Amino acid sequence: MHILIKSKKEYIKSLIRVNHAGEYGAKRIYEGQLKALSRKSNHDVISKIQHMKEQELTHLNYFEDLMIKNGARPSIFHNIWHIGAFGIGFVSAFLGKNTAMACTSAVEEVIDEHYQEQIKILKSIDKNEIADTIEKFRLEELEHKKIGDSYSATGLAQIGMKMVTRFITKTAILISKRV
Ligand SMILES: [Fe+2]
Ligand SMILES: [Fe+2]
């Protein structure tokens with residue numbers, strides 16, 4: 001763990017900011033995907049995406065709440081996440097439902113690792129309540145990854161989508177942790 005914890009308070013604020021950005025991004029990805037899929041007959045995929053989006057809304061509400069309680073603020077790039085995540089979602093689904101699900105699978109793979117790292121640190125600084133909630137969310141993200149994997153074929157488009165999505169997600173995490 002190469003995180004220098006200046007103070008618990010600063011760490012928690014950074015954690016809230018990055019998780020808020022992530023959950024907001026997840027919501028926007030699904031919105032973008034639903035927009036692109038709405039014209040096609042993909043009822044099974046649409047209902048699954050709606051289900052995942054609803055869970056993301058619960059996650060987002062939790063971090064919004066924590067944000068107010070801890071006097072944290074959103075990422076200064078909030079507007080970019082707003083547009084960028086929607087764009088990624090839209091493009092991924094425009095390319096087809098398998099590519100949309102490949103995008104979800106890649107995002108959740110990165111988020112799983114990200115949350116695992118946070119849970120370890122939170123427990124070491126006695127923030128067990130937040131750790132337990134994030135663990136609950138993490139299990140839901142893994143459920144999303146499973147759904148994604150059940151659709152995402154291993155064609156070039158899906159492999160490319162996963163690579164791009166992983167890179168973008170990791171970069172957005174790095175940035176939102178700091179600002
Ligand atoms: Fe989430
Ligand atoms: Fe998710």
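Predicted model: local features only at pLDDT ≥ 70, side-chain atom pairs only at ≥ 80, totals over all residues.
Residues are numbered from 1 along each chain as its sequence is written, chains are lettered from A and ligands numbered from 1 in the order in which they are written, and side-chain values use heavy atoms, with hydrogens and water left out.

Let's begin with the metals. Which residues hold the iron ion (ligand 2)? Its protein donors are Glu56, Glu108 and Glu141 through OE atoms and His144 through ND1, at 1.8 to 2.4 Å. A donor here is an N, O or S atom within 2.8 Å of the metal (3.2 Å for Na, K and Ca), and as water is not among the atoms, sites may look incomplete. The angles among the 4 donor atoms run from 87 to 130°, and the site is tetrahedral, a label given to four donors if all angles lie between 85 and 135 degrees. Glu56 sits in helix α2 (residues 43-70) and His144 in helix α5 (residues 128-151), so this pair ties together parts 88 residues apart in sequence. Helices are DSSP runs of H or I with at least four residues, numbered from the N terminus.

Now to its neighbour. The iron ion (ligand 1) is coordinated by Glu23 with two OE entries, Glu56 (OE), His59 (ND1) and Glu141 (OE), at 1.9 to 2.8 Å. Glu23 belongs to helix α1 (residues 8-37) and Glu56 to helix α2, 33 residues apart, and the pair links distant parts of the chain. How far apart are the iron ion (ligand 1) and the iron ion (ligand 2)? They are 3.7 Å apart, and Glu56 coordinates both. Glu23 and Glu56 are buried, and His144 is buried as well; buried means under 20% relative accessible area, exposed over 50%, and partly exposed in between, with a 1.4 Å probe and protein chains only.

A cavity is a set of points on a 1 Å grid over the protein atoms alone where a 1.4 Å probe fits but cannot get out, and lining residues have an atom within 4 Å of a point. The largest has a volume of about 60 Å³, and α1 gives the most to its lining, with 4 residues. Glu117 and Lys177 are among the residues that line this cavity.

Finally, salt bridges: the count is 9, each a side-chain nitrogen of Lys or Arg within 4 Å of a carboxyl oxygen of Asp or Glu. Glu117 and Lys177 form one, at 3.9 Å from N to O. Glu117 lies in helix α4 and Lys177 in helix α6 (residues 156-178), so the pair ties together parts 60 residues apart in sequence. Glu31 also pairs with Lys53, their closest N and O atoms being 3.9 Å apart. Lys27, Arg28, Glu31 and Lys53 are linked in a network of salt bridges.

Terms used
Tetrahedral: all angles 85-135°; square planar, octahedral: opposite > 155°, others 65-115°. Helix = DSSP H or I, 4+ residues; strand = E, 2+ residues; numbered from the N terminus. 1 Å grid on protein atoms, 1.4 Å probe; cavity = no way out; pocket = protein on both sides within 12 Å on 5 of 7 lines; lining within 4 Å. Points joined across faces, edges and corners; volume = space filled by probe spheres on them.
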